[in-house]
Amino acid sequence: MTDLSHIRNFSIIAHIDHGKSTLSDRILELTGTVAKRDMQEQLLDSMDIERERGITIKSQAVRVMYTADDGQEYQLNLIDTPGHVDFTYEVSRSLAACDGAVLVVDATQGVEAQTVANAMLAMNADLEIIPLINKIDLPAAEPERVKQEIEDGLAIPADDAVLASGKTGEGVHDLLEAVVYNIPAPVGDAEAPLRALIFDSYFDAYRGVVALIRVVDGALAKGDRIRMMATGTEALVEEVGARRPAECALPSLNTGEVGYLVTGLKDVSLVKVGDTITSATGGVDEPLPGYREAKPMVFTGLFPIEGDQYEPLKEALEKLSLNDPALVWEPETSHALGFGFRVGFLGLLHMEVVKERLEREFGLDLLATAPSVEYHVYLKGGDMVSLHSPQEMPDPGSIERVEEPYLKAKVLIPPDYVGAVMDLTVARRGTFVTMNYLSPTTVEMLWEIPLSELIMDFFDKLKSNTKGYASLDYEFLGYKPSSLVKLDILLSGKPIDALSFIVHKDKAYDRGRVLCDKLKEIIPRQMFEVPIQAAIGGRVLARQTVKAKRKDVLAKCYGGDITRKRKLLEKQKAGKKRMKAIGNVEVPQEAFMAILKVDE
Ligand SMILES: Nc1nc2c(ncn2[C@@H]2O[C@H](COP(=O)(O)OP(=O)(O)OP(=O)(O)O)[C@@H](O)[C@H]2O)c(=O)[nH]1
């Protein structure tokens, strides 16, 4: 059993792409946890999509043994955290399991929005922070400038910042020494009743729910009966152990240690991230602080292109939610698209990842409607309804007011782009709050902005208007009243429910007009004319027409140019894949996403 003074629990935090996964790999290598020849790049990112997109979604915990320069062996528990803003709650739970954090900053990029956000989370969790300037192998590295930014912008002393390269391995030994000497050993009471924090949980097809935990007080062994305090669920401990990075069973997990716990429970929503585990009998009454439910923020309709894929889609959603308690869904029926589901996500990235997994792992062909947020509609009678889909909007006559979710958004940019960010954010109904210089080269702007505007292509626009320099971070602020109306789209005179969306009254005319123009480009010509109209409650605001097809596509091919003919047919076939016949009009997937790309 490792003595408390020889345990260090820490996390690596960073802005996305600053290199924390690569650095973790080097730590596994240097401590001999994984032999170099077995090293698959970014070992900690185990999901396929994570590896492909190079982003960390679920957090992981790996135990490495390190013999420090003082000759003593230390147990280091490295907790990898998700880097993306959709997963902030997971970051803060992972941090609650640590006593220190390594703050990785890219030597060529400097401090960015999530560097600030993650550093704040670490400071709020009272963690010892070790700054590390990464990628110093790159010719464009500017470690001195970045040190200054860390000191000025984050008020973290950076004179002794570790200089490292995850690529070459330089500085990784210095990092491990800094972890041993600067990060405090855990404190806890081995004699007290069990208290352990769940900072991640997932479903394993063979063993049921597995939780990653940090034991704060007491100990946990196979055969113990435990209770999850938020859900009241009881379970028997089937196995405990540590990841190295493969699971390695242990007789017990003791005070201060981090590891995994197999419960045999079949439903991951009973083992929630942030919850406290105690003994079923003689346990504590007070859970560890800070638990809250992960709440979906973005909703979209998912419809199978082929009607017979409804049941497979349902089964796939059931399977995915076993492993992902933040994923919520309910059946939805659309006149235009038939039977499908309304699915709730933490954010846009979460949505993309889930949609991609449904298509890739379950072989489904899906059509997604434009994402929307949860509106609160207060009716004249005094009732409030939560709206997850524009189709559910009650009759305007019965509505007293509508409220929408707002975010506190933080944008970091070089001073030259302040004007560009102002223009974009004001156009998206943002309210300016304040602006600070973090350093002569970095300005932090704070805004309050409706979430519905942020999910409309905001991030891409922000990047393109600032030549890629801007970085963004946001958190939920609250609900505020807005003048919102439902805009309907009609094809051949019939309203298409799946294309309707909710928009601010002042923007309805412009968005309706631009969307009609876009749809005219997107909807292919049919054998007949297709009028497109945008309307609010029967009043038409804009109109366009897709002209009838004039002649067969193959008529253009003269003579016997068979390859050209085949190419054309193939092109047509590929175009068809993502189309759905609505009435007698074929509508492609892009039509639904066009709603998001509308800028006046
Ligand atoms: N030249 C150089 N490239 C690096 C170094 N560290 C990481 N990279 C590259 O930077 C990119 C991002 O690295 P990751 O380790 O995936 O970054 P991350 O911070 O873990 O990203 P998320 O998990 O998505 O937050 C990859 O293309 C790496 O190959 C380094 O020290 N030097």
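Strand pairing is taken here to require that DSSP finds at least two bridges between two strands, and the strands themselves (E, at least two residues), like the helices (H or I, at least four residues), are DSSP runs numbered from the N terminus. The model is predicted, and local features need pLDDT of at least 70, side-chain atom pairs count only at pLDDT 80 or more, while totals for chains, interfaces and linings use all residues. Residues are numbered from 1 along each chain as its sequence is written.

**Figure 1. Overview of the chain.** The secondary structure comes to 14 helices and 33 strands. Of the 600 residues in the chain, 46% are buried, where a residue is called buried if 20 or more other C-beta atoms lie within 10 Å of its own, exposed if 12 or fewer do, and partly exposed in between, with C-beta atoms placed from the backbone. Two residues are in contact if their C-beta atoms, placed from the backbone, lie within 7 Å, and among the contacts between residues at least 6 apart in sequence, 69% join residues at least 24 apart.

**Figure 2. The open sheet of eight strands.** The strands follow the order β11-β10-β16-β7-β8-β15-β12-β13, and their pairing is antiparallel. β11 and β13 (247–250) are the edge strands, each of which pairs on one side only. From one strand to the next the twist averages 40°, with axes being lines fitted to C-alpha atoms (for helices, over the stretch in contact) and angles running from 0 to 180 degrees between N-to-C directions. Within this sheet, strand β8 (residues 208–217) and strand β15 (residues 258–262) pair in the antiparallel sense over five bridges, and valine 210 has valine 262 in β15 as its bridge partner.

**Figure 3. Strand β10 and its two partners.** Three bridges join β10 to the antiparallel strand β11 (residues 234–236), in which leucine 236 is the bridge partner of arginine 225. Another three bridges join β10 to strand β16 (residues 276–279), again in the antiparallel sense, and here serine 279 is the bridge partner of isoleucine 226. The hairpin of β10 and β11 has five residues between the strands, and in that hairpin glycine 232 takes a positive phi near 75°.

Figure 4. Glycine 19 is found in the loop between β1 (7–14) and α1 (20–30), and it counts as buried because 22 C-beta neighbours lie inside 10 Å. Leaving aside neighbours within four places in sequence, glycine 19 is in contact with Ala14, Val104, Asp106, Asn134, Lys135 and Gly166. Threonine 22 lies in helix α1 and is partly exposed, because 18 other C-beta atoms are within 10 Å. Lysine 135 is placed in the loop between β5 and α5 (143–154), where its phi is near 65°, a positive value in a residue other than glycine. With 23 other C-beta atoms within 10 Å, lysine 135 is buried.

**Figure 5. Two loops with backbone features.** Arginine 244 and proline 245 are joined by a cis peptide bond whose omega is about -20°, and proline 245 has its place in the loop between β12 (239–243) and β13. Aspartate 126, in the loop between α4 (113–124) and β5 (128–134), has a positive phi near 60° although the residue is not a glycine. Aspartate 126 counts as exposed, because 10 C-beta neighbours lie inside 10 Å.

Figure 6. The 15 residues of α8 (residues 348–362) reach 21 Å from the first C-alpha to the last, close to the expected 21 Å, the expected span being 1.5 Å times one less than the number of residues. Leu348, Leu349, His350, Met351, Val353, Val354 and Leu358 are the buried residues of α8. Glycine 363 follows the helix, with a positive phi near 60°.

**Figure 7. Valine 411 in the largest nonpolar core.** A nonpolar core is a set of buried Ala, Val, Leu, Ile, Met, Phe, Trp, Tyr and Cys residues joined through C-beta atoms within 7 Å. The largest has 161 residues, of which Ala101, Leu103, Ala122, Leu132 and Val411 touch the most other members. Not counting residues up to four places away in sequence, valine 411 touches Ala113, Val421, Met445, Trp447, Ala470 and Leu472.
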